[in-house]
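Subject: Structure for you to look at

Hello,

Here is the structure I promised. Please open it beside this email and follow along.

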Amino acid sequence: LPSQLVAAKPILEKINQAGYEAYFVGGCVRDMILGQELHDVDIASSAYPEEIKQIFDKTVDTGIQHGTVMVLDHGEGYEITTFRTESTYTDFRRPDSVTFVRSLEEDLKRRDFTINAFALDADGQVIDLFNGLGDLEKKQIRAVGDAKERFTEDALRMMRALRFASKLDFTIEEKTLEALEALAPNLEKIAVERIQVEFEKMLMGQAAGQALLTMVEVDLLPYLPGQAEFVTNEHLLYLASHLQNRQPQSLAQVWTLYLATIVRPAVDLQKELRSWKLSREIMATVGRLAPAIQKADSLTIWDVYQINDLAETLLAVLKILSFSPTLLRHIEELFFNLPIRSAKDLAVNGGQLIKAGLATPGPLLGKQLSAIELAVVEGRLENEQEAIFDFVKEQ
Ligand code: ATP
Ligand code: MG
């Protein structure tokens, strides 16, 4: 058993001793069987939230309306969710109501894919009601039950299918893929933020290239956030070809890669960024890196200076896009040889210029400082007080 599950085992036992069932469920069981690192340990139980709260001293109501209580144990937090079913999805996204049940089977049935529907008991016994083990063997993503029904209930599951296929380098089973193709338009009903999360994880997966090809195959693009006139299937194919061997390692890399390469004019980029509802930070990063990616062959030292805190992201994305090692080394050298990293590194500031009688407060001062900054970065002026004073006098 992986160490995280060993550490959490006493929790299952304590619930069992109180007379209820408890299991590890979801991604942690899948990842354990695959021998991969676990993210979070999720526990499902027949005990109702109130009953869980009576069993443990320290609990936090993290999602009590969905049946989730967090138990604190040795500095770790464990989410324990009551077995539940989700009934009547009228809007293709969230269940109208959650019903707590005492049956593990009911709880596993509502889960998306067979490989996400395992349970593991305190004795280390795997419960596999839908032949998820067979699907792991076949390396395939298969919906629990009828794929069309499951994707009609919750359209986000289609993005999740692609995400897991990419993450695990699995194929999507035939019926599940057919359902994806048939129901892709329902994705339009899903909140952009939720699609965003699955899409990011998809692009960071080991088989992201294949997942993009599948997206093209089932014609998913029209139903994703973003502007159809900017991003086309050709763009996805272009990206897919570059994602065969290397994947982005951060969200900044994901979005720079996806948007800076495919959306040409800057105006469109802003529109595209907004339609994906990306964070301010990501929007700012992509906004700064997109022009640099588009003129990667002719970056000046001034360009490089302006993106210097994003150097690693820029280089990583250019590498994924198969820019030549020579060019990458050249850009790396530009970064390395920058005389200053920011205006704060200048040997002279505005106050000192005023004191020396070379400037007066006002808009002109800003222009003088910019001129100094540019000259220093371009190597035309030494970053040294006397030299800078002489430079200002000459201007
Ligand atoms: P990760 O390792 O990325 O966290 P995970 O399998 O734990 O993968 P989560 O998104 O954390 O994925 O979801 C936890 C579990 O909840 C899943 O394994 C699955 O059983 C169930 N689940 C999550 N989202 C859905 C959904 N939209 N429909 C049905 N079941 C879902
Ligand atoms: Mg998880």
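Two residues are in contact if their C-beta atoms, placed from the backbone, lie within 7 Å. Keep that in mind for A119. Leaving aside neighbours within four places in sequence, A119 is in contact with Y23, F24, V25, V29, A44, L104, L108 and I127. One caution before going on: this is a predicted model.

**The core**

Which residues touch the most other members of the largest nonpolar core? They are I43, A119 and A165, out of 101 residues in that core. Helix α7 (residues 156-168) gives the most to this core, with eight residues. In soluble globular proteins, nonpolar side chains tend to be buried together.

**The strands**

Strand β2 covers residues 42-45, and strand β5 covers residues 76-82. The two pair in the parallel sense, over four bridges. I43 stands opposite I80 in β5. On β5 there is also a pairing with strand β4 (residues 68-73). β4 and β5 run antiparallel and are joined by six bridges. Here T68 stands opposite T81. The hairpin of β4 and β5 has two residues between the strands. In that hairpin, H74 takes a positive phi near 50°.

**Helix α2**

Helix α2 spans residues 27-34, and its buried residues are C28, V29, R30 and M32. They pack against α1, β1, β2, β8 and β9. After α2 comes G35, with a positive phi near 70°.

**Two annotated residues**

UniProt, in an unreviewed entry, places the feature "binding site" at D40 and D42. D40 lies in the loop between α2 and β2. D42 is in strand β2. Is D40 buried or exposed? D40 has 11 other C-beta atoms within 10 Å. The limit for exposed is 12 or fewer, so D40 counts as exposed. D42 has 19 such atoms within 10 Å. Buried needs 20 or more, so D42 is partly exposed. Not counting residues up to four places away in sequence, D42 touches F24, V25, G26, C28, E79 and T81.

**The domains**

The domain assignment gives domain 1 (1-138), domain 2 (139-226), domain 3 (248-338) and domain 4 (343-394). The centres of domain 1 and domain 2, taken over C-alpha atoms, are separated by 24 Å. Across their boundary, 14 residues of domain 1 are in contact with 20 residues of domain 2. On the domain 1 side, six of these residues are nonpolar, one is polar and seven are charged.

Best wishes

Key:
Residues numbered from 1 in each chain as written. Chains lettered and ligands numbered in written order. Predicted model: local features only at pLDDT ≥ 70, side-chain atom pairs only at ≥ 80, totals over all residues. Pairing = 2+ DSSP bridges. Core = buried A, V, L, I, M, F, W, Y, C linked by C-beta atoms within 7 Å. Domains from an automatic or database assignment. Nonpolar A, V, L, I, M, F, W, Y, C, P; charged D, E, K, R; others polar. UniProt positions renumbered as here; feature names shortened; annotations may be inferred.
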